Amino acid sequence: MGLFHSFASSSFFITASSLSSFMRMNLNKVVLSIATLQILLFMIRELTLDTFTAGTDTTYTTLEWIMTELLRHPRAMEKLQNEVRQLAQGKSEITEDDLGNMQYLKAVIKETLRFHPPIPLLLPRESMEDVKLLGYHIPAKTQVIINAWTIGRDPLSWENPEEYRPERFLNSNIDVKGLNFELIPFGAGRRGCPGITFAIIVNELALARLVHKFNFALPERMKGEDLDMTEGTGITIRRQSPLLAVVTPCST
Ligand code: HEM
């Protein structure tokens, strides 16, 4: 809800800026009126809610799709485990410092975000003024919805887009940071995801630690192609059914 409050209501931003001048003014005198405090508490609550709403669902959804695709593609899982285990040799735990060299791990995450962007339609926008775009006239105040899911599978941008192949990112400069418009799982521009750096590191670290310490397999007699890939509905698109996997600690 917090997320929607903030993006749907422009008064949020007006309140935010007037609040900051309010605070500057009042903090100098170390006097906060009850009204200011109420607004301040409201802002803190809404921003905390925003961060939780926007940051938790998306992060675990990404990890769930990553594990799904790795279980469907055992060769990709093997390559990833080899990379992580080799680079982590002799260490009991992987830390952020180890992630820099894990190129295949980064490729797996990008490929999964291309294939399963957790927020496939990003967040709705509204045009502020009349715009001419590719010959179309878009009047001011038009709601604009960007389909990042379709963009990530566009055959004009991607070779064999329906194939899950992390290798496509190994010798490529394409990144998810909003500068390459063929891959925008975090959106782009000023409205893009503010949690992107944190989200990428959290996913990299979680994935690296999982495949470092554990082996994963599908339940007995189940093949990758039997996995139910149905997507749920909502703003964040998760698997419709929970992912079931057999997890065993790795002894190496
Ligand atoms: C893999 C994880 C994540 C993905 C894929 C993701 C994706 C997105 C997308 C697509 C948007 C809308 C951007 C747009 O429409 O251009 C967004 C907004 C947002 N994200 Fe993330 N996000 C992730 C993780 C996080 C994390 C960890 C945080 C916070 C710690 C966060 C905080 C936010 C906030 C506060 C907004 C709303 C910004 C606004 O209202 O303008 N996100 N995110």
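Which helix supplies the largest share of the shell around the ligand? The answer is α3, with six residues. This is a predicted model, in which local features need pLDDT of at least 70 and side-chain atom pairs count only at pLDDT 80 or more, while totals for chains, interfaces and linings use all residues. Residues are numbered from 1 along each chain as its sequence is written, and side-chain values use heavy atoms, with hydrogens and water left out.

**Figure 1. Overview of the chain.**
The chain has seven helices and six strands. Helices (H or I, at least four residues) and strands (E, at least two) are DSSP runs, numbered from the N terminus. Along the sequence their pattern reads α-α-α-α-α-β-β-β-β-α-α-β-β. Of the 252 residues, 37% count as buried. Buried means under 20% relative accessible area, exposed means over 50%, and partly exposed lies in between, with a 1.4 Å probe and protein chains only. Among contacts in the chain with a separation of 6 or more, 68% join residues 24 or more positions apart; a contact means heavy atoms within 4.5 Å.

**Figure 2. The shell around the ligand.**
There are 25 residues around the ligand, and L123, R125, P185, R191 and C193 come nearest. Helices α1 (2-8), α3 (34-72) and α7 (196-213) each supply at least two residues of the shell. By class, the shell has 13 nonpolar, ten polar and two charged residues. Ala, Val, Leu, Ile, Met, Phe, Trp, Tyr, Cys and Pro count as nonpolar, Asp, Glu, Lys and Arg as charged, and the others, Gly among them, as polar.

An N or O atom in the side chain of R125 is 2.4 Å from an oxygen atom of the ligand. From L123, a backbone N or O atom lies 3.1 Å from an oxygen atom of the ligand. At A54, a backbone N or O atom lies 3.5 Å from a nitrogen atom of the ligand.

**Figure 3. The largest nonpolar core.**
A nonpolar core is a set of buried Ala, Val, Leu, Ile, Met, Phe, Trp, Tyr and Cys residues joined through side-chain atoms within 4.5 Å. The largest one has 37 residues, and L70, L80, V84, I94, L105 and L207 have the most contacts inside it. Two or more residues of this core come from each of α3, α4 (74-87), α5 and α7. Beyond its neighbours within four places in sequence, L207 is in contact with L63, I66, M67, L70, L80, L105, V108 and I109. In soluble globular proteins, nonpolar side chains tend to be buried together.

**Figure 4. H212 in helix α7.**
H212 is found in helix α7 and counts as buried, at 8% relative accessibility. Leaving aside neighbours within four places in sequence, H212 is in contact with V84, R85, A88, K91, S92, I94 and C250. C250 also counts as buried, at 15% relative accessibility.

**Figure 5. K110 in helix α5.**
Is K110 buried or exposed? K110 counts as buried, at 15% relative accessibility, and is found in helix α5. Apart from neighbours within four places in sequence, K110 is in contact with F169, I174, D175, V176 and L183.

**Figure 6. Two loop residues with positive phi.**
L122 lies in the loop between α5 (103-115) and β1 (125-126). Phi of L122 is near 45 degrees, a positive value in a residue other than glycine, and L122 is buried, with a relative accessible area of 9%. K141 lies in the loop between β3 (136-138) and β4 (143-144). Phi of K141 is near 70 degrees, again positive in a residue other than glycine, but K141 counts as exposed, at 64% relative accessibility.

**Figure 7. Q86 and M102.**
Q86 is found in helix α4 and is exposed, with a relative accessible area of 60%. Q86 and M102 are 16 residues apart in sequence, and 10.0 Å separates their C-alpha atoms in space.

A search of the whole structure finds zero disulfides, a disulfide being a pair of cysteine sulfur atoms within 2.5 Å. C193 is partly exposed, with a relative accessible area of 33%.

How values were computed: A residue is near a molecule or strand if one of its heavy atoms lies within 4 Å of it. A polar contact is a pair of N or O atoms within 3.5 Å; within protein, one must be able to donate a hydrogen and the other to accept it, and residues adjacent in sequence count only if both atoms are side-chain atoms.
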